[in-house]
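Good morning, and thank you for coming.

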Amino acid sequence: MLEISNLSHVYGSGPGAHHAIEGLNLSVAEGELLCIVGPSGAGKSTLLRSIAGLIQPTGGEVRIEGKLVKQTPDNLAVVFQDYSRSLFPWMSVADNVALPLRRKKMDKQQRRAAAQEALESVGLAEAGKKYPFQLSGGMQQRVAIARALAYRPALMLMDEPFGSVDAQTREDLEDLVLQVRGHHKMTIVLITHDIDESVYVGDRVVVLSKAPAHVVGDLKVELASPRDQITTREHSDFVHLRAEVGRLVRGLERTPA
Amino acid sequence: MIRTLGVLGFLLVLEAAGRLGLIEALPPVSVVLVTAAGLAVDGSFLSDVGATLSACAAGLLIAVVTAVPAGLLLGTVPAVERSVRPLVEFLRPIPSLSLIPLAMFLWTDSHDAKIALIVYTCSWPLLINTMYGLADVDPIAKDTLRGFGFGPMAVLWRVSLPSTAPFIATGVRIAVSVTLIVAVSVELLAGGGGGIGAYLVQAGSANRVDRMLAATVWAGALGLAANALFTAAERRLLRWRWAT
Ligand SMILES: Nc1ncnc2c1ncn2[C@@H]1O[C@H](COP(=O)(O)OP(=O)(O)OP(=O)(O)O)[C@@H](O)[C@H]1O
Ligand SMILES: [Mg+2]
């Protein structure tokens, strides 16, 4: 589905240049849910932007279904880390969610229905007529997620999508992502700071190094599905895996890059 | 409340000064206000007001439909912006009132000269604000739409333009406030074509200071009304902006 080979990205040039990514290789299978963890400022968002074709990486290549990514491919949706800046303040919540559906062969009625359905799935059935600024941060984040879900992309890229929701909602949204993936053969790449979350949600967890980012750990998560917030998290395999991921991430912090 | 008191106090002082003969040349406030009320039903004055307002409206409209698209073009195509920037920087500081003789020379009809100069003057705040607003569009908002596969034109239309709308609205408000200045100035010099300015000149040459002041009061009231109208429209159209 997704092939990243020898990816590098440098911001700026000369002495002030910042090497965000260097020699990163990664491949994601169709239908896989890959979690990416890594220290802050590692270059995770940069990686995601390269996959989405929003920036041209300075080196290496990204291929989606064999096709080289030059501009944003069809059938891809991004949930940005800055969710509040990615919602359009001049549009109602429902219009925000429905807008990307203009790219699909859907009439107004279908778009509206799909938007409402997606809003219901994130627990915001009543919020459609409101404006983004009338919602709390966590609700705005769920709107951004609903917008990506409504689009039904083949590949969904999520950049710390549960960053500002409360613990309960966070668990609900984690389960929602798992459920959506089950229903609509979606490939999902999810970036997170939360090690437990990466193991709970992922089929696979990739750990990135400090900048310049490259892959330092790649673990398969073999936990029974459907996963359950209580039983999965107390399972010895879960505990073992999160310790392993934690060690990889922490190890990075100890050794200076 | 305190503002109303301030205005009333000021008017009372003026009135007293007029009545006591402290300001020899000027009629008392009450006389001016009575004359002003009379002007409201004076057909010839009303047609002058109509001439001024129609020129303002036409000029503003033409300026909006040309300067805003021009601003969008300059703001989105850096090469165009770079190539016209020297021209813009040379033209912009020229006080537009100094162009009145040129406008009167180019457009022999004084009504046309007036509109042309209003268009020219209004274009600057509209152009500059549109460009400024475009530069201020949140890149994440644009990336959001790009991330769903939308092309540059769709991003311009669906993200950049609505984001820029508040800046354009400010440009329009600035433009509105200068239309009256330009219109009356041209009328003062060009006469013939009617308008509030022409009325002022006539009143002046007939030594009717009360009429002069009354017409000036109306000009001020029109300016205030136009500003209130556009501010209200802006608040209505850009509710989202005011609420955030
Ligand atoms: N447009 C840019 N220009 C210059 N430097 C940038 C730009 N965007 C990001 N960077 C730098 O690149 C590095 C990686 O940024 P990136 O946003 O990819 O990190 P991240 O892993 O997503 O961090 P976080 O976990 O805090 O979200 C950072 O040091 C950042 O300062
Ligand atoms: Mg990031």
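By contact I mean heavy atoms within 4.5 Å. What is A:Gly59 in contact with, leaving aside its neighbours within four places in sequence? The residues are A:Asn6, A:Leu7 and A:Ser8.

Before I continue, a word on provenance. This is a predicted model, where local features need pLDDT of at least 70 and side-chain atom pairs count only at pLDDT 80 or more, while totals for chains, interfaces and linings use all residues. Residues are numbered from 1 along each chain as its sequence is written, chains are lettered from A and ligands numbered from 1 in the order in which they are written, and side-chain values use heavy atoms, leaving out hydrogens and water.

A:Gly59 belongs to strand E4 (residues 59-64) of chain A; strands are DSSP runs of E, at least two residues, and helices are runs of H or I, at least four, numbered from the N terminus. A:Gly59 is buried, because its relative accessible area is 16%; buried means under 20%, exposed over 50%, and partly exposed in between, with a 1.4 Å probe and protein chains only. From A:Gly59 to A:Glu160 the separation is 101 residues in sequence and 25 Å in space, C-alpha to C-alpha.

A:Lys44 touches, among others, A:Glu160, A:Ile191 and A:His193, not counting residues up to four places away in sequence. A:Lys44 is buried yet has no salt bridge, and A:Glu160, the nearest side chain of opposite charge, is 4.4 Å away. A salt bridge requires a side-chain nitrogen of Lys or Arg within 4 Å of a carboxyl oxygen of Asp or Glu; Lys and Arg count as positive, Asp and Glu as negative, and His and the chain ends are not counted.
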